[in-house]
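Please keep the sequence and the coordinates at hand.

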Amino acid sequence: MDERYLRAVRDALVRHQQWLLRDPAGQGRRADLSFHDLTGLGLNRINLAVAKLTGARLTRARLVGTVLSRADLYGADLSKADLSGAQLQNADLRGARVDGAKLQSANLQGADLRRGMVLEGGEFRAAGNSDGATTFVGCSMTRAVLTSCRMAQCDFSGSDLSGADFTDSDLSGAILIGADLSDATMRRATLDGVLMCGARLNEELRTALERKGIDVDGTGATTAAARMSELISAHQLWVDKGGKGGERIELQRVDLRGYSFANQLLCGSVMRFCGLRGADFSGARLMMADLSYSDLRDADFTSADLSGCNLEGANLTGAKLWRTRLREVDLSGDGTRLWPTNLSRARLTGADLRDASLAGVLLRGTDLTAIKTSFATLKGADLTGVLGQQAVAQPA
C-alpha cells in the first residue's frame, strides 16, 4: 500500500471515531471502507462499530479486541485474521470468508452468518466467497459467543469450537464436519439438517443431539460407493496419462464409510470433508492426495503411501498407520522443493504409528494423545505446538 492510500484509510478511521462521539464540530463521518484492501493492517482495539466494510479484504488483519458490532462485513475476506476477543454483535457477515481466523472468546451474538452474494458492479468485486457461502473453515473459536445467530448453511468444518455457546441460534443446514464441539452449548438451537460427521462431541452433547434425531456421524450426502470402482478406474487413467486422460477423483461431503480402497492408485485424489470412518486404505498410494477435514476414525492405512498428503484437520482417532509412509515429496527432483505431508490440527488420538516416521511432517496443533509408537516414530519430528505430547513419550 502506498502512503496516500494508508493516509486515506487512517483519515477515514479518525472521522469514524468523531462520528461515533457525535462531535459538535460535525467533522465526523461513518467509515465506508467497502472493497478496500486492508490486508495485514493493525486495527487492534479500534472502535469500528457500524462501519461499512462490504467486500473489503482484511486477510491477516490484526483485529484483537476490535469493536465491530453492527458492522457491515457483507462479502468481506477475513481469512487468517486475528479477531481474538473482538466484538461482532449483530454484525453482517453474509458471504464472508473467515477461514483460518482466530476468534477465541469473540462475541458474535446476533450476527448474520447466512449465505449472501455481492453482485459485481464495475471495478468493485467482493473479496469474500464468490458463491455467496459464509465460511469459517479451520478457525480457532474456543469460548466464542454465537448466541442468537442466524447461521443457516454456514460452514464451520474443522474449526475448534470447544466451549462455544450456540444458545438460541439457527444452525439449519450448517456444516460442522470435523469440528471440535467439546463442552459447546446448544440449548434451544435449531439443528435441522446440520452436518456433524467426524465432529468431536462429549458424551452429554452427543446423547442430547441423538435424542433430537441428529445423525452425528452422517455426512448428509448420498453415498458414492456404488460408482466408486468406476471413479477409481477413471482416476488411475488420469494418473497414468499425466492428467491428459481419464478424470481425477474430486469428492466433497460424500459418505464412504467402510469402503475398501486397498492397494488402489489414488495419487492426487481429492476427498475432502468426506465420511470415511473405517475405510480400508491399506497398501494404497495416496501421494499428494487431499483428505483434509475428513472423518477417518478407525481407518486402515497399513503400509499405505501418504507422502505429501494433505490431512489437515482430519479425524484419525484410532486409525491404523502401521508402516505408513509420510515422507516429503521432491517436486523438483533435486531436493530444492520438498512438499511435506500435512497433519496440522489433525486428531490421531490412539492411532497406531508403529514403524512410521513423523520426521518432516507438519504437526502444528496435531493431537497425538496416546498414539502407539516405535523407536523411529518421533525421531526427528518437530513437535512444536503438538497436543498430548506428554502422552507420546513412551513407545508402545
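The largest pocket holds about 580 Å³ of space. A pocket here is an open set of points on a 1 Å grid over the protein atoms alone, with protein on both sides within 12 Å along at least five of seven lines; a 1.4 Å probe fits at the points, and lining residues have an atom within 4 Å of a point. The volume is the space filled by probe spheres set on the points, which are joined across faces, edges and corners. There are 21 residues in the lining of the largest pocket, and Cys139, Ser140, Asp160, Arg345 and Gly365 are the closest to its centre. Sorted by class, the lining comprises three nonpolar, nine polar and nine charged residues. In this scheme Ala, Val, Leu, Ile, Met, Phe, Trp, Tyr, Cys and Pro are nonpolar, Asp, Glu, Lys and Arg are charged, and the others, Gly among them, are polar.

The model is predicted: local features need pLDDT of at least 70, side-chain atom pairs count only at pLDDT 80 or more, and totals for chains, interfaces and linings use all residues. Residues are numbered from 1 along each chain as its sequence is written, and side-chain values use heavy atoms, with hydrogens and water left out.

How many salt bridges does a search of the whole structure find? The search finds 18, a salt bridge being a side-chain nitrogen of Lys or Arg within 4 Å of a carboxyl oxygen of Asp or Glu. Asp92, Arg94, Asp112, Arg114 and Arg150 are linked in a network of such bridges. Asp92 is buried because its relative accessibility is 17%, and burial means under 20% relative accessible area, with exposed meaning over 50% and partly exposed lying in between (1.4 Å probe, protein chains only). Arg94 has a relative accessibility of 22%, so this residue counts as partly exposed.

Asp112 and Arg150 form another salt bridge of the structure, with 3.7 Å between the closest N and O atoms. This pair links distant parts of the chain, since both residues belong to the loop between α1 (3-20) and α2 (203-211) but are 38 residues apart. Helices (H or I, at least four residues) and strands (E, at least two) are DSSP runs, numbered from the N terminus. Asp112 is buried at 5% relative accessibility, whereas Arg150 is partly exposed at 41%.

Arg200 and Asp180 also meet through their side chains in a salt bridge, at 3.5 Å from N to O. Both lie in the loop between α1 and α2, 20 residues apart, and the pair links distant parts of the chain. Arg200 is partly exposed, with a relative accessible area of 27%, while Asp180 is buried, with 13%.

Contact means heavy atoms within 4.5 Å. Asp367 itself lies in the segment after β4 (338-339) and is buried, with a relative accessible area of 9%. Its side chain makes a polar contact with the side chain of Thr369 at 2.6 Å. A polar contact is a pair of N or O atoms within 3.5 Å; within protein, one must be able to donate a hydrogen and the other to accept it, and residues adjacent in sequence count only if both atoms are side-chain atoms.

Ala370 is also in the segment after β4. Its phi is near 60 degrees, a positive value in a residue other than glycine, and Ala370 is partly exposed at 43% relative accessibility. Tyr293, in the loop between β2 (270-272) and β3 (329-330), likewise has a positive phi near 60 degrees. Tyr293 is buried, at 6% relative accessibility.

Back in the loop between α1 and α2 is Ser169. Is Ser169 buried or exposed? With 0% relative accessibility, Ser169 counts as buried. Its side chain reaches two backbone nitrogens, that of Ser148 at 3.1 Å and that of Cys149 at 2.8 Å. Beyond neighbours within four places in sequence, Ser169 is in contact with residues including Leu146, Thr147, Met151, Ala189 and Thr190. Met151 is 18 residues from Ser169 in sequence, with a C-alpha to C-alpha separation of 7.3 Å.
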